[in-house]
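Hi,

Here is the structure I promised to pass on. Please open it alongside this email; my notes follow below.

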Amino acid sequence: MAYITLNKQSFFNNLDVIAYATKGVNKIALVLKDNAYGHGVFEIASLAKEYGITKAVVQTAKEAQNIESFFDYILVLADFPHAANDKARYTINDLKAINRFPHATKVELKVDTGMHRNGIAMSELRKTFCAIKEQGLVLEAVFTHHRSADELSSEWFWQNDNFKKVKQEARILAKEFGFGELRFHSSNSAALFRHVDFSEDMARVGIAAYGCMELPEAISVEGLKPVLSLYANKISSRELKKGECVGYGATYEIEKECIVSNYNFGYGDGFLRVCSNNYTTPHGVKLLGRISMDNSSFVCDEDKILIFDDATQVAEAAKTISYEVLTSLKAEIQREIV
Ligand SMILES: *Cc1c(COP(=O)(O)O)cnc(C)c1O
């Protein structure tokens with residue numbers, strides 16, 4: 001199998017850049033869902049703790065349980081409590097789901113300000129506060145999510161306006177229903193860097209911390225560095241002559257005699273198969289033929305090969321986003337902090 005290295009210096013550099021934008025390390029909630037975007041959740045959680053990050057965001061209660069010892073606060077985006085967990089805050093995504101949270105659960109309310117994926121409607125705020133009170137839940141925060149923070153358009157502005165209205169109404173309702181002071185957050189990585197003067201209580205930052213943002217030039221962010229590199233080891237080599245073909249389906253025909261080696265990383269390990277016949281490594285080494293489950297062939301004779309050190313480049317070849325390239329990497333791949 002291939003192996004992954006995680007560059008601690010690049011990760012800490014990215015956290016410096018993010019902390020500057022949030023105006024404080026305590027305002028960073030590091031998103032660790034999906035095995036920390038494929039980086040390895042324990043490796044990243046321990047590095048984050050070492051840096052001084054105290055807040056994390058995950059998708060499920062199980063993920064929150066796994067990283068309980070690393071953080072003081074863990075936001076669970078879409079799950080219900082399974083076991084007692086002092087650190088966890090659970091997201092209310094739907095008015096009808098409020099009765100599924102046990103009495104005294106610490107919750108955060110997601111409001112749909114235009115993405116129409118999760119969250120209660122803006123018009124349901126009063127009804128929702130009422131239901132939260134009746135269920136005896138502890139409401140700590142109200143948040144939303146942008147649908148187009150990474151695109152240059154007016155969308156960013158009207159969604160912000162909507163959230164502003166939500167904040168105003170929520171503050172009034174919190175007083176009326178006797179909840180404590182609420183916290184508010186709306187920013188993922190792209191949104192954080194679009195705020196000229198960030199002033200929310202925290203930002204939920206994923207891809208920026210991993211250094212693989214893909215933003216239009218006008219809103220791009222300077223100074224972030226990819227953290228993850230992926231290497232594969234050689235299984236075997238052969239000399240191929242003009243006219244011979246490589247791999248399943250004989251889709252690549254050799255044009256000039258060369259040495260072709262086969263490396264131990266394939267789509268079963270997370271190499272997107274759509275890159276078949278269409279990928280060149282950062283060192284200019286060409287991938288030949290189809291990617292197989294545990295194998296891929298390159299014009300190379302080295303014992304190990306750097307497959308990528310910047311997921312955005314693979315994403316470009318695969319016509320997808322760095323998020324998919326990274327989260328496809330299987331948890332079984334060995335990870336090493338360098
Ligand atoms: C995944 C996720 C984030 C992080 O997004 P990035 O673009 O990786 O920073 C933030 N908020 C929510 C609700 C998410 O699901």
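About 1,800 Å² is buried between domain 1 and domain 2. Carbon and sulfur atoms give 59% of that area. Buried area here is the accessible area (1.4 Å probe) that two parts lose on being put together, summed over both. On the domain 1 side, Y3, I4 and E214 lose the most area to domain 2. Together these three make up 42% of what that side buries.

This is a predicted model, so local features need pLDDT of at least 70 and side-chain atom pairs count only at pLDDT 80 or more, while totals for chains, interfaces and linings use all residues. Residues are numbered from 1 along each chain as its sequence is written, and side-chain values use heavy atoms, with hydrogens and water left out.

Domain 1 covers 3–219 and domain 2 covers 229–337. The bounds come from an automatic or database domain assignment. The domain centres, taken over C-alpha atoms, are 36 Å apart. Across the boundary, 17 residues of domain 1 are in contact with 22 residues of domain 2. Contact means heavy atoms within 4.5 Å.

Next, two helix pairs. Helices (H or I, at least four residues) and strands (E, at least two) are DSSP runs, numbered from the N terminus. Axes are lines fitted to C-alpha atoms, for helices over the stretch in contact, and angles run from 0 to 180 degrees between N-to-C directions.

Take α1 (residues 8–22) and α3 (residues 41–51). Their axes lie 11 Å apart, at an angle of about 55°. From α1, the contact uses K8, F11, F12, L15, D16 and A19. From α3 come I44, L47, A48, E50 and Y51. That gives eight nonpolar residues, three charged and no polar. Nonpolar means Ala, Val, Leu, Ile, Met, Phe, Trp, Tyr, Cys and Pro; charged means Asp, Glu, Lys and Arg; the others, Gly among them, are polar.

The second pair is α5 (residues 125–135) and α6 (residues 155–177). These axes come within 10 Å and cross at roughly 35°. This crossing is right-handed too. Residues that meet include F129 and C130 in α5, and L173 and F177 in α6.

Last, the backbone. Most residues other than glycine have a negative phi. K23, in the loop between α1 and β2 (28–31), has a positive phi near 65°. N35, in helix α2 (residues 33–37), has a positive phi near 55°.

Best wishes

Notes. A crossing is left-handed if the near helix is turned anticlockwise from the far one by less than a right angle, and right-handed if clockwise.
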